[in-house]
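Reader: I would like a close look at one helix, and then at what surrounds the rest of the chain. Please keep it brisk.

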Amino acid sequence: MPLIKKLSPFYYLTFFYVLISFVLRSILFFHPITQASFSWIDSIKIFSVGLVSDVFVFTIISGFLWLYLIFISNAKYLKPYGYINLLLLVAILLYIISGKSILNEYGGALPLIGTIFVGIKTFLFALFLFLPNHRKQIRFWLFSFVMFLFVVLILQNAISEYFFWNEFGVKYNFIAVNYLVYTNEVIGNIMESYPVIPIFSVLFLIAGIVTYYIVNKSKTYIESIPTFVEKIKISALYLVLFVLSFAAIPFLSTTENSQNVFSNELQSNGIYKFYLAFMNSKLDYFKFYKTLPEKEAYHILSQQIPNISDETTLRFITSDSVENHKNVVLITIESYSANFMKMYGNERNITPFLDSLATQSLLFTNLYATGNRTIRGLEAVTLCIPPTAGESVVKREDNKDKFSTGSVFQQKGYNVKYLYGGDAFFDNMEDFFTGNGYSIVDKKNFLENEITFSNIWGVCDEDMYNKAIQVMNLEVKENKPFFNHIMTVSNHRPFTYPNDKIDIPGDAKSRDGGVKYTDFAIKKFFEIAKKQPWFSNTVFVIVSDHCASSAGKTELPIDKYRIPALIYSPGFIKPKKYANLMSQIDVMPTLFGLLNFNYQSKFFGQDVLKEDYKPRALIATYQDLGLIKDNILTIISPKKEVKQFQLTLKPDPKVAADFQIYYEQKPLDKERTDLVHETISYYQTASDILKKKKYQKK
């Protein structure tokens, strides 16, 4: 039989993978979230280079298939070798079960995985050894199962890539890697957000049909098992292709160099993108980004942050007025874009309470989130530090005893708490906040009768606020001021909440519903809070953690980072609009200024109400780090890349000047070197200070 026919399992699966990838790429190409137009050259490149990349990626993946097929034989079951092999497998299994194997040294799930794998291998080997008359039939069904598994994984990956794109507008990235850690929340979110049973029913049906076709076309491999010489030839061919693929895939990724981010994402292979994100979860700024001489970087920073000196951000903040130790409640709202609010042009009336509250508050109309994940928002308001490359400080091992907003309040004698409606284990929040002196109140602290509604992310916002009221009523009896940081959860996919609260049903799974219910729950919180004895002595800070979406035409689409923020305290904070450009890291230092706090600060964030504040905003993904200043967006990226964009307002005549969000981002004709150096100085010094442990509270 020609050797080419015995390669049929490889090329049929490869063809199927490439076909599915082509269909997926076509769907994403025309997806509504793909907010870009493509030239015919871009289009050809997306599909042609993408196809070649898909072939090479699947060549690497099919290494598992090669290992399975290459060890199919009858010789290993011959007497006495078959019994010897079985005894060896049993011995290995017992060794792992004993708990003294090398797998136990690494811990985690490895011993269990090893036990299951070797156990299945031992069981199947015994079946082949003791049931020689049924060996062909067993091998056929095992071969069919392996083919089915490959087909299911190909289809499942395509579905996952589609939904990830639907959520974030990119192929797999750092977020997808993080999701592997929190499988309970993520799988639960998927189960509650999408019609999983119909989707997977169709998936398995299609997988069964495709598998039937592939098995019929490629079963010659197991009906006429290749000889030892043929296996050597197959292995040699595969290894040549493997090495070629290993070299070609990174090279092809370098061709993702279009100014159009969507073009680069569509051209890329999702599985390889996931691998890159997994391998680069920790980004060493000094290895991957442009740098300046250390003294120069700190000198430039000292021109942006008043009164710092040497290689630090340490400075004394003083006030001419008496300190005011009012209670402080900080509410960070999940996924809350500025354009949800009426003042920013939304006409759907989904934030009626916050629209009203904004007119009674100090309202920051031109504020940008530092990132596009909750942990970036928490980092910004807690540490007031730029969003350094790689993972948020919240998720890092070295995340404890930092100089934080909590530590400032603790110095002033406050009780300091973090309140969260979900499990604070998620995203390492519990480890981070407890490691920085916060007490935690989360879902684990709720009594059964205190939960009226919950989904995979936690209790509904109303339940969380009711719990917060209880906590504050107890705290006020201690005759100490309190600082309570509340993180909401309801405005998150699947956007489910109690029915009969707003005019959008709680089971409609509507983003507008999630936003409107979030607004409704805050209104209920304030209605109850106003009746409490501590209300008149409390300052409320409300800010979003990040926008609802981060997808855009450029690496950092600035409209996807614009968030609302306000400080409300009747009789203490006069209603006012503050329209200067500012960052999420400035919110809490500005609050400290309003309270006339005297303290020693390490914050990069500043009191924006001071005369020496220089307007700017810092925004980032996990690898693209940006500075907005002088209507220019400067982005520094790995491989020491720098890009600058001129920001030209695209005015909406229906929106007031202070609330305009949308800008055209065009590549700058001539580099603004001063802004490049300023951008580098912010991120380089922040990375340096964290690396050298100079951001500790002591």
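Author: Helix H2 covers residues 40–61. Its 22 residues should span 32 Å at 1.5 Å a residue, and its end C-alpha atoms are 31 Å apart, which agrees. The expected span is 1.5 Å times one less than the number of residues. Helices are DSSP runs of H or I with at least four residues, strands are E runs of at least two, and both are numbered from the N terminus.

This is a predicted model: local features need pLDDT of at least 70, side-chain atom pairs count only at pLDDT 80 or more, and totals for chains, interfaces and linings use all residues. Residues are numbered from 1 along each chain as its sequence is written, and side-chain values use heavy atoms, with hydrogens and water left out.

Now the buried side of the list. Buried means under 20% relative accessible area, exposed means over 50%, and partly exposed lies in between (1.4 Å probe, protein chains only). The buried residues of H2 include Asp42, Ser43, Ile46, Val49 and Gly50. Ser53, Asp54, Phe56, Val57, Phe58 and Thr59 are also among them. These buried residues pack against helix H1 (8–29), helix H3 (63–70) and helix H7 (135–168), among others. Their partners also include helix H12 (228–253), helix H13 (261–267) and helix H14 (270–279). Contact means heavy atoms within 4.5 Å.

H1 holds Ile27. Ile27 is partly exposed, at 42% relative accessible area. Ile27 forms a nonpolar surface patch with Phe15, Leu19, Phe22 and Val23. Together they have about 470 Å² of accessible area. Patch members have over 30% relative accessible area and no salt bridge; like charges are joined within 9 Å, nonpolar side chains (Val, Leu, Ile, Met, Phe, Trp, Tyr) within 5 Å. Areas come from the Shrake-Rupley method with a 1.4 Å probe, and for residues only the protein chains shown count as cover.

Next, charge pairs. Side chains of opposite charge can pair when their charged atoms come close. A salt bridge is a side-chain nitrogen of Lys or Arg within 4 Å of a carboxyl oxygen of Asp or Glu. The structure holds 31 of them. One joins Glu294 and Lys692, at 3.1 Å from N to O. Glu294 lies in helix H16 (residues 294–304) and Lys692 in the segment after helix H24 (673–691), so the pair ties together parts 398 residues apart in sequence. Glu294 is partly exposed at 30%, and Lys692 is partly exposed at 41%. Lys692 also bridges to Asp688, at 3.1 Å, N to O. Asp688 is buried, at 5%. Salt bridges that share partners join Glu294, Asp688, Lys692 and Lys694 into one network.

Another bridge pairs Lys412 with Glu323, at 2.8 Å, N to O. This pair links distant parts of the chain, 89 residues apart. Lys412 sits in the loop between H19 and strand S4 (415–420), and Glu323 in the loop between strand S1 (315–317) and S2. Lys412 counts as buried at 16%. Glu323 is partly exposed at 24%.

Thr351 lies between strand S2 (327–333) and helix H17 (352–358). Thr351 counts as buried, at 0% relative accessibility. Leaving aside neighbours within four places in sequence, Thr351 is in contact with Tyr336, Phe340, Met341, Lys342, Val515 and Asp519. Lys395 is in the loop between helix H18 (374–383) and helix H19 (405–411). Lys395 counts as buried at 18%.
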